[in-house]
Amino acid sequence: MEDTSTGSESEPRPGRAPDASDDGASRDGDPPEDGGDAAVEGGDADAADRGDADADAADELDELRRRVEAEYDFDDFGPSDMARMSAEEWDAAFDPDTWITGDRLLERAEAELKSRIARRDVFGVLERVRADGEERLLVYSDEGYAIVRPTGEVAGQGTVLRDIEPIVALAAMESYDVPEPPDDWSLPHPDTVPQGSGEFGNLMVQVIAIVQVLAGVALLAATFLTDLNTIVAPAMGIVFLLIGLFLFVMVANARLSDRFRSEEYRERLRALREAKERPDFVPVEGGVVDEEELDE
């Protein structure tokens with residue numbers, strides 16, 4: 001068969017379909033017009049703008065983090081600080097990319113909770129429970145509960161939940177040093193709780209009050225016995241007596257308040273010890289978390 005192809009027609013390039021609009025100059029390999037260079041230059045400008053915006057955002061984030069670190073004391077971070085924080089401040093202080101998670105988080109949170117229970121900063125019973133085949137931390141008292149997941153999420157209710165959330169947040173921070181808990185970290189026996197505290201301070205206030213009363217009585221007695229012709233001595237005597245009486249009343253009120261708080265603390269301890277099982281509102285049965293009840 002006779003070959004009808006001509007040598008002047010060029011073959012299509014690999015990976016590119018022939019285009020009827022292509023002229024001879026394009027097929028012969030002439031360079032494209034300046035439109036490609038303009039597109040490249042426009043892309044570089046957009047990339048530069050994006051880079052400048054990212055740099056500005058990073059600078060603003062660093063500035064916000066410095067302000068948060070100066071305003072909040074993370075060594076003594078509590079529920080009130082968490083409530084005062086804005087969403088932007090929270091994201092800046094607790095960068096999700098640097099959070100500790102998994103079993104290490106549970107170990108750090110457990111050590112921190114044991115230390116706080118030992119210092120009486122947290123009132124609750126600490127246990128290890130399981131859910132979906134993974135371990136979790138459970139803290140409960142007569143006023144609520146909190147369950148800590150390995151991801152750092154905390155679920156629960158009551159005052160315990162408000163106390164536990166900032167503690168877990170601190171334990172998730174790499175920069176926070178978790179203290180070593182004491183051997184005997186659990187809640188004390190009700191009978192070992194003292195009647196009150198600060199007796200030395202109360203004694204010192206009583207001594208000052210006695211001195212004030214004696215000074216007042218001495219000035220008044222000197223006024224009447226020596227027939228002093230001045231009003232300063234009796235006036236100062238009355239002032240000293242009033243100060244002394246006020247100090248005595250303050251000491252009595254402090255002792256009653258300490259006794260009341262101690263008795264309330266003992267009653268809560270007795271309630272936890274006398275309970276044969278966890279409170280009914282805690283969604284844990286046999287060491288396993290009831291996920292359906294927890295999510296309600």
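Visitor: Hi! How many salt bridges does a search of the whole structure find?

Guide: Hello! The search finds 12 salt bridges, a salt bridge being a side-chain nitrogen of Lys or Arg within 4 Å of a carboxyl oxygen of Asp or Glu. This is a predicted model, where local features need pLDDT of at least 70 and side-chain atom pairs count only at pLDDT 80 or more, while totals for chains, interfaces and linings use all residues. Residues are numbered from 1 along each chain as its sequence is written, and side-chain values use heavy atoms, with hydrogens and water left out.

Visitor: Thanks. Which residues are linked in a network of salt bridges?

Guide: Glu110, Lys114, Arg128, Arg130 and Glu135 are linked that way. Within it, Glu135 pairs with Arg128, with the closest N and O atoms 2.6 Å apart.

Visitor: Is Glu135 buried, exposed or partly exposed?

Guide: Glu135 counts as partly exposed, because its relative accessibility is 33%. Arg128 is also at 33% and partly exposed. For the cut-offs, buried means under 20% relative accessible area, exposed means over 50%, and partly exposed is in between, using a 1.4 Å probe and protein chains only.

Visitor: And Arg136, which strand is that in?

Guide: Arg136 lies in strand S2. Helices (H or I, at least four residues) and strands (E, at least two) are DSSP runs, numbered from the N terminus. Arg136 is buried, with a relative accessible area of 3%. Arg136 forms a salt bridge with Glu134, closest N and O atoms 3.2 Å apart, and another with Asp132 at 4.0 Å.

Visitor: What about the exposure of those two partners, Asp132 and Glu134?

Guide: Asp132 is exposed at 66% relative accessibility, whereas Glu134 is partly exposed at 30%. Asp132 sits in the loop between S1 and S2. Its phi is positive, near 55°, in a residue other than glycine.

Visitor: Switching to helices: what do the lengths of H5 and H7 look like?

Guide: Helix H5 covers residues 103-118, and at 1.5 Å a residue its 16 residues should span 22 Å; the end C-alpha atoms are 23 Å apart, which agrees. The expected span is 1.5 Å times one less than the number of residues. Helix H7 covers residues 199-226, 28 residues that should span 40 Å, and its end C-alpha atoms are 40 Å apart, which agrees.

Visitor: How many residues of H5 are buried?

Guide: 12 of the 16 are buried, so H5 is largely enclosed by the rest of the structure. They include Glu110 and Lys114, which are also in the salt-bridge network. The buried residues of H5 pack against strand S1 (125-131), strand S2 (134-141), strand S3 (144-148) and helix H6 (158-171). For H7, the buried residues are Asn202, Ala209, Gln212, Gly216, Leu220 and Thr223.

Visitor: Which residues is Arg108 in contact with, leaving aside its neighbours within four places in sequence?

Guide: Those are Ile100, Leu170, Ala171, Met173, Tyr176 and Val178, where contact means heavy atoms within 4.5 Å.

Visitor: Last one: what does the secondary structure of the whole chain come to?

Guide: It comes to nine helices and six strands. Buried residues make up 30% of the 296 residues. Of the contacts with a separation of 6 or more, 61% are between residues 24 or more positions apart.
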